[in-house]
Amino acid sequence: MRFWDASALVPTFLDEVSTKQVRSWQASDPGVTIWMMTVIEVMSAVARKQRERPELAELCKQAIFDVRDAAVTWVQIEDAAAARHHAERIIMNYPLRAADALQLAAALVAADGEPQSLELVTLDGRLAEAARREGFPVLGV
């Protein structure tokens with residue numbers, strides 16, 4: 001099982017340059033763990049794509065359906081208090097946006113204090129660097 005950042009999940013639902021690679025990672029280990037707000041982040045990316053490219057409206061509607069369908073199979077880290085505790089430290093130590101700090105914090109919760117035990121999948125360079133510095137093996141960037 002891997003912890004998936006929203007940046008790595010979006011290409012599983014929308015065709016992007018990284019779609020083929022991301023889908024192969026998911027096929028090799030279909031267990032997906034996410035932060036409880038990752039679904040909203042992925043849906044936001046799909047909605048943004050639909051606003052930018054209205055001709056893709058039907059594909060985006062299908063992508064939203066697919067996100068909701070897949071999300072029920074994912075393990076969601078819902079301990080907001082523990083994630084917030086980690087995120088407060090993370091934002092002071094790394095140049096991450098709040099949502100990315102919370103992603104990393106949720107991964108720390110999922111890893112139960114042993115980041116080396118959980119691979120983190122992200123296409124975000126800053127998040128990847130912070131995750132590596134926290135001790136996670138990183139797949140993606």
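Guide: The model is predicted. The second largest pocket holds about 220 Å³ of space. It is lined by 13 residues, and those closest to its centre are Phe 13, Leu 14, Asp 15, Leu 56 and Leu 59.

Visitor: Which helix gives the most to the lining of the second largest pocket?

Guide: α4 does, with five residues. Both α1 and α4 (57–71) supply at least two residues each.

Visitor: How do the residues of that lining divide by class?

Guide: Six are nonpolar, two are polar and five are charged.

Visitor: And how much space lies in the largest pocket?

Guide: About 340 Å³. Its lining has 16 residues, with Ser 7, Val 10, Glu 41, Ala 45 and Arg 48 closest to the centre. Three helices, α1, α3 and α6 (98–110), each bring at least two residues to this lining. The largest share is six residues, and it comes from α3. By class, the lining of the largest pocket has five nonpolar, two polar and nine charged residues.

Visitor: Now helix packing. What describes two packed helices?

Guide: The angle between their axes and the distance between the axes. Take α1 (residues 6–13) and α3 (residues 38–52). Their axes come within 9 Å and cross at roughly 55 degrees. That angle makes α1 oblique to α3. The crossing of α1 and α3 is right-handed.

Visitor: Which residues make the contact?

Guide: From α1, they are Ala 6, Leu 9, Val 10 and Phe 13. From α3, they are Thr 38, Glu 41, Val 42 and Ala 45. Sorted by class, this contact of α1 with α3 has six nonpolar residues, one polar and one charged. Now look back at the largest pocket. Val 10, Glu 41 and Ala 45 are among the residues closest to its centre, and these three also take part in the contact of α1 with α3.

Visitor: Let's move to α5 and α6. At what angle do they pack?

Guide: About 125 degrees, with the axes of α5 (residues 80–93) and α6 8 Å apart. The two helices are therefore oblique to each other. Their crossing is right-handed.

Visitor: Which residues of α5 and α6 make the contact?

Guide: α5 brings Ala 82, Ala 83, His 86, Ala 87, Arg 89, Ile 90 and Ile 91. α6 brings Ala 101, Leu 102, Leu 104, Ala 105, Ala 106, Leu 108 and Val 109. The classes are twelve nonpolar, one polar and one charged.

Visitor: α6 also packs with α7. Are α6 and α7 roughly parallel or oblique to each other?

Guide: Start from the numbers. α6 and α7 (residues 125–134) pack at about 30 degrees, and their axes are 10 Å apart. Angles under 35 degrees count as roughly parallel. α6 and α7 are therefore roughly parallel to each other. The handedness of their crossing is right-handed.

Visitor: Which residues of α6 meet which residues of α7?

Guide: Asp 100, Gln 103, Leu 104 and Leu 108 of α6 meet Leu 127, Ala 130, Ala 131 and Glu 134 of α7. In this contact, five residues are nonpolar, one is polar and two are charged. Leu 104 and Leu 108 face α7 here as contact residues, and both are also listed in the contact of α5 with α6.

Key
Residues are numbered from 1 along each chain as its sequence is written. This is a predicted model: local features need pLDDT of at least 70, side-chain atom pairs count only at pLDDT 80 or more; totals for chains, interfaces and linings use all residues. Side-chain values use heavy atoms; hydrogens and water are left out. Axes are lines fitted to C-alpha atoms, for helices over the stretch in contact, and angles run from 0 to 180 degrees between N-to-C directions. Helices (H or I, at least four residues) and strands (E, at least two) are DSSP runs, numbered from the N terminus. Angles under 35 degrees count as roughly parallel, over 145 as roughly antiparallel, 65 to 115 as roughly perpendicular and the rest as oblique. A crossing is left-handed if the near helix is turned anticlockwise from the far one by less than a right angle, and right-handed if clockwise. Contact means heavy atoms within 4.5 Å. Ala, Val, Leu, Ile, Met, Phe, Trp, Tyr, Cys and Pro count as nonpolar, Asp, Glu, Lys and Arg as charged, and the others, Gly among them, as polar. On a 1 Å grid over the protein atoms alone, a cavity is a set of points where a 1.4 Å probe fits but cannot get out, and a pocket is an open set with protein on both sides within 12 Å along at least five of seven lines; lining residues have an atom within 4 Å of a point. Grid points are joined across faces, edges and corners, and a volume is the space filled by probe spheres set on the points.
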